[in-house]
Amino acid sequence: MSNNISFKDVFIKGAVIYNPVLIQLVGLCPVVAASTTFARAAMLSVVLCVELIVTCTVASALFKKIPRWVRVLLYLIIGTAIICPLLWYIESFSLINLSLGMKIYIPLIAVNSMTAVHCEQFSVKNSVKLSLYDAAAAGFGASIIILIVGAVRELLANSAIGGMPVNLPITFKGMALPFGCLILLGFMAAGLKAFVARMYPQNSADEEPVVSEVFADENSEVTEVEIFDEFWAEPQPEEVPEVPMSVPEKTSVKPAEPSFSTAEEIDELLKSLGIDIDIKGDKQ
Amino acid sequence: MANTASKQNILKASQIFGDYIVMILAPCIVSVMYYGSRAMAVIAVSILSAVVCDFAASFIIRKRFLLRDTSNIFIGAAIAMMMPASVPLYVPAIASAAGVLTAKIPFGGSLRAPFVPAAAGFAIASVCFKEQVFTYAQNTEDKLFGANSLASLLAQGSSVHINKGNVFEIISGNISGPMGTGCGILMVACCCYLFVRRRSALLATGGFIAACVIFAVLFPRVNSNALTSVVLELSAGSLLFGAVFLITDVSTLPKGSVVKVAYGAVCGVICMIMRSVGTYEETVCFAALMANGFSPVIESSVKVLSSRKMKKGAAEK
Amino acid sequence: MRILTDLLMTALYTVFAQNLVLSSGLGMSEAIRVSTKPGTFGKFALMISGFSVVTSTLCSLIDSFKPMEAMPYAVRAAIYAGVLAGVYIIVAAVMRLFFGSSAKILGTLGIAALNTLVFTIPHINNSAAYSFAGSIGSGIGAGIAFVLAAALINSGSRKLAENEDIPEIFKGTPAMFFYVAMLSLAFAGFTDSNIFG
């Protein structure tokens with residue numbers, strides 16, 4: 001099954017159609033809180049990509065048999081093991097002049113929800129190669145958004161790009177605050193939605209509310225709420241099914257009701273067994 | 001079908017906002033009296049920006065734009081009233097555009113907006129252009145406190161004393177400050193109009209003012225008696241304007257009499273706390289936005305409390 | 001009395017004046033996710049407060065050792081992560097082995113413990129030089145701030161779901177971004193600066 005999926009497919013879905021930041025709403029902390037300048041955004045993007053790719057690959061190769069409540073801890077440990085030496089190296093050799101904010105925000109990537117979501121929804125269910133594809137796509141998709149946000153915020157709030165002054169007649173101090181970033185993300189999400197509707201109409205969103213779009217599995221009819229439970233719940237032992245993509249499918253916020261056909265089937269089954277119980281509740 | 005519903009919504013919006021436009025005309029006239037052509041320019045730019053942004057956004061998202069949707073005029077005028085007359089013209093223009101583009105268009109119009117667009121626009125301007133929005137430099141020579149607004153004096157803890165000589169200046173808004181929100185007498189007149197047209201909305205105004213009065217009595221910011229504290233707090237900045245024009249916004253006002261009073265009271269308390277500990281001298285817009293966010297929570301809390309009370313009453317019987 | 005005042009003031013500051021989720025953007029993804037489950041808000045408040053308090057207290061104790069003053073920030077961050085990981089694994093193992101907690105509760109525990117909000121609390125306590133009582137107050141405040149944000153987002157998402165007039169292009173995540181932006185803007189009335197600059 002994995003051989004049928006090309007990197008292009010994974011990439012377009014993971015980075016564009018189901019962009020982690022704009023559509024899946026994961027990993028918002030580095031974007032909203034930290035990416036106030038292009039330089040900060042670039043650094044966060046690099047660290048995020050490296051951490052995501054390494055953690056997802058390791059998770060796919062080694063963590064499939066480990067219980068979930070232990071796995072989520074291992075993601076933190078791997079993330080810290082990657083990020084802290086990197087930060088120490090930068091600090092010790094004064095490669096980049098890091099502000100206190102960055103010294104705090106960079107380690108926060110270790111507990112980033114994007115890593116946990118991609119590892120749990122994809123990596124532990126798929127081959128190492130596919131996990132690598134998925135992590136690269138998600139990392140790239142998130143990085144592009146972080147870089148755009150960082151550049152726009154720096155330009156509008158500080159009249160500069162990458163530290164180089166730009167002559168803007170007006171500066172918007174609010175862009176450096178989280179609400180400015182969220183407004184920008186709102187417009188970007190709307191733009192992405194319009195782009196996807198035009199370029200990939202078969203994948204374009206219908207009209208679901210936001211929370212439903214977050215963590216749904218492909219080919220499943222479970223709701224976001226159920227997936228939320230399922231995501232953090234104990235996995236079924238032994239069987240690790242290979243699923244094609246980690247991308248979410250549009251579902252409703254309302255809890256899924258049993259489908260009519262299922263009730264019918266159970267009704268018929270019970271009748272064939274000689275048991276007369278009304279499953280659908282339409283008999284008196 | 002959807003088009004018909006949309007048309008009906010626009011008609012309803014134009015009726016409701018028509019009332020608000022009639023009400024806001026009075027402060028607009030007073031501001032022109034106090035600040036002359038400069039006030040007219042600020043109002044015109046603000047309204048124009050709101051209308052143009054709505055038109056442009058409707059064109060981009062392929063939604064029908066109707067001039068009959070008068071909410072843009074109200075948003076523009078309300079933002080202009082809260083600005084100082086000396087503000088650079090790009091500030092009200094950006095504030096109106098921000099109000100329309102971030103709090104109206106994404107939520108499907110003024111009648112469905114979960115946050116008051118005028119409050120959002122002014123709040124964004126306050127954060128982005130703090131110096132321009134809170135500097136009062138137009139016609140300040142003959143004003144009571146010069147270029148200092150009452151809100152800034154209260155924020156600094158400066159002692160302001162009311163006497164027979166200055167009380168009328170204060171309640172008629174002839175002091176430095178936002179150009180159309182300081183006239184308390186006009187706000188009372190607007191309340192009377194609102195009483196005739198949409199009296200249920202005044203419950204929120206009542207709750208808001210009551211909360212502000214109680215707060216001003218309990219935690220005065222001036223070394224004076226309680227009455228002085230109350231008069232100064234109510235006259236400072238856009239507090240009364242917010243109570244009449246922002247808190248009563250049709251799309252954000254919760255349903256039910258008790259809920260409306262509670263909503264107004266919560267907004268009043270937040271506004272006064274922000275005045276005391278916050279960064280800005282003008283906080284009614286931030287408080288309105290926060291109360292909008294809390295509105296469903298207040299609604300459900302009041303419902304739960306009243307149902308419990310009813311159950312208790314029934315059990316006692 | 002002073003300890004209690006210190007604790008209360010820090011908690012109130014963390015909830016309102018510098019709401020860590022809405023004013024600072026910490027733990028925002030988790031708050032949006034948790035907002036779909038209003039029934040778990042109480043549990044979350046308790047767990048996040050608990051983890052924040054225990055982690056930040058332990059980190060404050062570690063910070064009080066002399067060698068920590070000269071320690072590079074990377075090492076400090078690694079120590080904080082280690083403390084958080086240790087606290088989580090101990091609590092999860094105790095709940096699993098001694099109380100037979102279900103996978104669902106352990107799942108909630110995972111979100112409550114391993115998120116950017118809880119991980120930031122020791123950093124905030126360190127950079128703001130909070131007292132011991134202040135550290136506890138900020139931990140408790142973090143839990144309340146998280147649940148407050150989740151409750152506000154929950155009511156917002158329900159409002160947005162009922163709103164049929166939202167233009168097609170803004171339906172879903174764009175409208176949610178704008179809603180959360182307005183909530184964040186409202187909290188900006190208390191403070192107009194980023195928590196770490």
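**Close-up views of a predicted three-chain model**

**View 1. Chain C and its buried share.** In this predicted model, 62% of the 197 residues of chain C count as buried; a residue is buried if 20 or more other C-beta atoms, placed from the backbone, lie within 10 Å of its own. Chain C has eight helices and zero strands, and from the N terminus on its elements run α-α-α-α-α-α-α-α. Helices (H or I, at least four residues) and strands (E, at least two) are DSSP runs, numbered from the N terminus. The radius of gyration of chain C is 18 Å, close to the 16 Å that the globule rule gives for 197 residues, so chain C is as compact as a globular protein of that length. That radius is taken over C-alpha atoms, and the globule rule is 2.2 Å times the number of residues to the power 0.38. Along the principal axes, the C-alpha atoms of chain C fill a box of roughly 60 × 45 × 35 Å.

A word on reading these views: residues are numbered from 1 along each chain as its sequence is written, while chains are lettered from A and ligands numbered from 1 in the order in which they are written. Local features need pLDDT of at least 70 and side-chain atom pairs count only at pLDDT 80 or more, whereas totals for chains, interfaces and linings use all residues.

**View 2. Helix 5 of chain C.** Nine of the eleven residues of this helix are buried, so helix 5 of chain C is largely enclosed by the rest of the structure. Look for the buried residues, including I105(C), L106(C), L109(C) and I111(C).

**View 3. Where chain C meets chain A.** Here 60 residues come from chain C and 58 residues from chain A; two residues are in contact if their C-beta atoms, placed from the backbone, lie within 7 Å. Among the helices of chain C that each supply at least two residues to this side are helix 4 (73–97), helix 5 (103–113) and helix 7 (132–162). By class, the chain C side has 33 nonpolar, 20 polar and seven charged residues. Ala, Val, Leu, Ile, Met, Phe, Trp, Tyr, Cys and Pro count as nonpolar, Asp, Glu, Lys and Arg as charged, and the others, Gly among them, as polar.

**View 4. Where chain A meets chain B.** Seven residues from chain A and six residues from chain B make this contact. The chain A side divides into four nonpolar, two polar and one charged.

**View 5. D69(B) in its loop.** D69(B) sits in the loop between helix 2 (37–60) and helix 3 (71–82) of chain B. With 22 C-beta neighbours inside 10 Å, D69(B) counts as buried. The C-alpha atoms of D69(B) and G109(B) are separated by 9.3 Å, and these residues are 40 residues apart along the chain.

Conventions
A residue is buried if 20 or more other C-beta atoms lie within 10 Å of its own, exposed if 12 or fewer, and partly exposed in between; C-beta atoms are placed from the backbone.
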